[in-house]
Protein chains: 2
Amino acid sequence: MRPMTSLGPNAALIGQPGSRHALDTPALLVDVDALERNIAAMAAFARAAGVGLRPHAKTHKSARIAALQVAAGALGACCVTLGEAEVLAQAGIAGLHITSPQVTPSKIARLTALNATASGLSVVVDHPDNLAALDRAAAAAGKPLAVLVDFSAGHGRTGCADEAALMALARAAVAAEALVFRGIQSYSGNLQHVPVRAERRARALAELDRLGAMVRRLRDRGVEVPIVSGAGTGTFDLDPEARVFTELQAGSYVFMDVDYLRALRDGRNVPPFETALFVATSVVSVNQPGYVTCDAGLKSFATDGPLPEVAAGAPPGSRYEFFGDEHGRLVLPPGASKPPLGTQVECMTPHCDPTVNLHDRYHLMRGDTLVDIWPVDARGKR
Amino acid sequence: MRPMTSLGPNAALIGQPGSRHALDTPALLVDVDALERNIAAMAAFARAAGVGLRPHAKTHKSARIAALQVAAGALGACCVTLGEAEVLAQAGIAGLHITSPQVTPSKIARLTALNATASGLSVVVDHPDNLAALDRAAAAAGKPLAVLVDFSAGHGRTGCADEAALMALARAAVAAEALVFRGIQSYSGNLQHVPVRAERRARALAELDRLGAMVRRLRDRGVEVPIVSGAGTGTFDLDPEARVFTELQAGSYVFMDVDYLRALRDGRNVPPFETALFVATSVVSVNQPGYVTCDAGLKSFATDGPLPEVAAGAPPGSRYEFFGDEHGRLVLPPGASKPPLGTQVECMTPHCDPTVNLHDRYHLMRGDTLVDIWPVDARGKR
């Protein structure tokens, strides 16, 4: 039994019908029915496409949501930070893959400690010096460490910059004493948010043609490449056409957000996933013409993407704008009457991953009822 | 004794000379000498100007930093959220003022509970319905609640929109059974970041002329107005010229950031406060020409302001850009040699308040030595 205080000021509302509209705000909400449908839809897609799924946990940072994904067939979870992997491993999630290079002595020591107990752990490597350091640490710890060699894929954030570097690093990984070469990661982060689906598809497939050829040449040289990992929510159903990836890393599909909904709506009648994540906010000041002030600001929403979009509780056509750390401006359409003081408004989140990272807990909703409160376990963990 | 785990992965470095350059990153750093000088400089300014100081704790969310400010003469601390006030009161900070209206039943119940034990608590009110609700709650709880009537001050986020509303609400507060009218709050949030000092001064003083006249008329009607509260780091030394505020709410001066340094540099030889807050990040990928990738991204820096500015560890002229949730791009000046993998770089933060809110702990530095680790106590508390 968790202590009630860890559940925050809404703990007493759990199980009460209508509690969705009586929350202490701002509060991060998850529509559990939509979440479950999103998890099932992606699992069904991956099964049908014959590709594995190791969803990115940087989106939700939640051991319970990772467990739901694994129960639906996921191979494990991807983590961008070592801290995320530590938290999920502690909660019993196996098959964790760390998608970002771990290079400093402190991170390598923590990684080796995690590898001693975690089942099915892997990490990317993109530089011979880092590969050598990982090899030494794994050898000293007496347990082999699985690595994927990272390719930069036109995104250029991390990864080998060209085929020669990729080949050399893959062969060095195979040759290393205490490393196990598990395969290749190639993440086209630059393509996930391309708004036009046809353009996203063309660029993704061109990138995968190049990657596929490199993987073939690596296999031709006798290197086994069991895993080729990549893709995000923006290209999850485009990338598998190329038959290069053995597993997908998409993460945001569990929740969706304003940005991904726009991209995934393009070229379809119905987006493949539903919005499952909202921030609930309350009207706290109503003294100005044309707008009211709410209690969710730039400490409740990520500010790197579009603005939040009003989903419920306000007149149709209302707009939400940031108005400082803890406030937002709900701009009303002409002629609309002002929502009274205390009115609860729900917004779709601009960019789900960094929005989740601002909150300590998820408020789980079935319809209008708060059914549970879950911690954002790995919030802020690096 | 706090458990070591709550101090994070850098706990073992405390007290080690040179530890500043061997951190597990990303990490939020405070230069304690600069912090202490900033706290002393603002305290000295307020004493000399004959004005009180109740610094805004939304910047640091730290009971220990609030205690340092009180020890230097501050009247207490301002809080924007009730959750911040709960945390600081629990830690023994008296004289807390909540600068944002608390209007929902949940918040009013928590506020009343806090008022039962907190010493010198006050809260703003900007609407007759909220005033009546606060009065009923305080009466039911059997302890008077101190209120400041909030004025919108051309910012329009919260507060009464005009003098008539302000007068009516002040008189209603005086007449209320269980409320104590403590005075007026007027926060010109729209002026704090005006980049040109002369313009900032002219607009601040014009706003305070208007406010001063209203306060005089209120006093002429026999209403005692012991407190007139406002100002921020952008106008802390301009507002007191008008002799309207009895206390200042500035907060960001303890740390400073890229945005405030620009504003406060204008029209002076030396800015009145020093940068005391940094994010330390490590180079994790070096495979691209012209830049390297570091491990601090938009989950480590606020993204609502300017970009972070490189302060140490990189060639002069290097630029820092966001490169996803957990990564940044350190763009090197032409001809500069690349910092090797694992190099630690420090950046000034773009906007200090929401940057702090992304981190769980402060790493306190004296010179090159990590001397302590403090929690960001009220991080995420609403």
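Which residue in S17(A) stands opposite A:Leu364? The views below show a predicted model, in which local features need pLDDT of at least 70, side-chain atom pairs count only at pLDDT 80 or more, and totals for chains, interfaces and linings use all residues. Residues are numbered from 1 along each chain as its sequence is written, while chains are lettered from A and ligands numbered from 1 in the order in which they are written.

View 1. Strand S16 (361–366) and strand S17 (369–375) of chain A pair in the antiparallel sense over six bridges. Strands (E, at least two residues) and helices (H or I, at least four) are DSSP runs, numbered from the N terminus; two strands pair if DSSP finds at least two bridges between them. A:Leu364 stands opposite A:Asp372 in S17(A). Two residues lie between the strands of this hairpin, and A:Gly367 in the turn has a positive phi of about 60°.

**View 2. S16(A) beside strand S1 of chain A.** S16(A) also pairs with strand S1 (residues 27–31), in the parallel sense over four bridges. In S16(A), A:Met365 stands opposite A:Asp31.

**View 3. Domain 1 and domain 2 of chain A.** Domain 1 covers 4–30 + 271–375 and domain 2 covers 32–254; such bounds come from an automatic or database domain assignment. Their C-alpha centres lie 33 Å apart. The contact takes 16 residues from each of domain 1 and domain 2, where contact means that the C-beta atoms of two residues, placed from the backbone, lie within 7 Å. On the domain 1 side, S16(A) gives the largest share, four residues. By class, that side has 11 nonpolar, two polar and three charged residues. Ala, Val, Leu, Ile, Met, Phe, Trp, Tyr, Cys and Pro count as nonpolar, Asp, Glu, Lys and Arg as charged, and the others, Gly among them, as polar.

**View 4. Chain B against chain A.**

**View 5. The side of chain B that touches chain A.** In chain B, 54 residues are in contact with 54 residues of chain A. Elements giving two or more residues to this side include helix H4 (105–117) and strand S10 (277–285) of chain B. By class, the side has 16 nonpolar, 24 polar and 14 charged residues.
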